[in-house]
Amino acid sequence: MKYRAVIFDLDGVICSTDEYHFAAWKQLAEAIGVTDFSRADSELQRGVSRMESLEIILRKSERRFSEEEKIALAERKNQIYRSMLEGMSEADLPGSVRTTLFALRERGLKLAIGSSSKNTAFILERLGLGGFFDAVADGNMISRGKPDPEVFLKAAELLALEPCNCLVVEDAVAGIQAALAGGFGAAGLGGAAKFEGTTYPLSSLSDLLAIVT
Ligand code: B16
Ligand code: MG
């Protein structure tokens, strides 16, 4: 068996918090006079850090913001986003995701999270997955966001495995680039399935079962 572990991205792979990110950024954008923040802009934010996501919005503004103002704007968006996360529960973990996670574990694979989000622990708790994964690497543990491989290398280190023995699952092109840069196998869902560099394009998470066994 080539892969001994699967490292999952969180937002857009395990759960659909990507919709909350979009709604929260949209609210912030409108509050600062950016009225044309679109779903296409939001696609560019997939997988990238909170501060880089903010920059994608500020590019559309004629105003210039100081570093302190940027930090305050990012915090304001996070407050909106967190209040949306409060409403999440185990019902927000799709049944197909749960079934796939258990089937992979039953086949002896280690399971980890590699997410840019600083809200990872909170989201996993809400989904009933607190303590479920063998390792969790998140945005609080890294200094360079995807497409840098740091978060996945951290997950592999926590699993005590080599990158070549771990398969990363991503919904973001930046995440696939991070996985490849770190020497991981890269499986892609959604937009990441169409990206040319993706090793294994997936139509659903359960496709993983055929890849890893
Ligand atoms: P936070 P992932 C990423 O999560 C999101 O895709 C990205 O849109 C977000 O900006 C980033 O987390 C930071 O999130 O503001 O919660 O720290 O896809 O890497 O699981
Ligand atoms: Mg993602």
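Helix H8 (173-181) contributes three residues to the lining of the second largest pocket, the most of any element; helices are DSSP runs of H or I with at least four residues, numbered from the N terminus. The model is predicted, so local features need pLDDT of at least 70 and side-chain atom pairs pLDDT 80 or more, whereas totals for chains, interfaces and linings use all residues. Residues are numbered from 1 along each chain as its sequence is written, and side-chain values use heavy atoms, without hydrogens and water.

A pocket is an open set of points on a 1 Å grid over the protein atoms alone where a 1.4 Å probe fits, with protein on both sides within 12 Å along at least five of seven lines; lining residues have an atom within 4 Å of a point. A volume is the space filled by probe spheres set on the points.

| Pocket | Volume | Lining classes |
|---|---|---|
| Largest | about 600 Å³ | six nonpolar, 14 polar, 13 charged |

Ala, Val, Leu, Ile, Met, Phe, Trp, Tyr, Cys and Pro count as nonpolar, Asp, Glu, Lys and Arg as charged, and the others, including Gly, as polar.

The lining of the second largest pocket includes Glu-43, Val-48, Asp-171 and Gln-177. Among the 33 residues lining the largest pocket, Val-48, Ser-49, Arg-50, Ser-53 and Ser-116 lie nearest its centre. Helix H1 (18-31) gives the most to the lining of the largest pocket, with five residues. Because domain 1 (5-16 + 90-211) and domain 2 (18-85) both give residues to that lining, the largest pocket lies between them; the domain bounds come from an automatic or database assignment.

Definitions and conventions. Chains lettered and ligands numbered in written order. Helix = DSSP H or I, 4+ residues; strand = E, 2+ residues; numbered from the N terminus.
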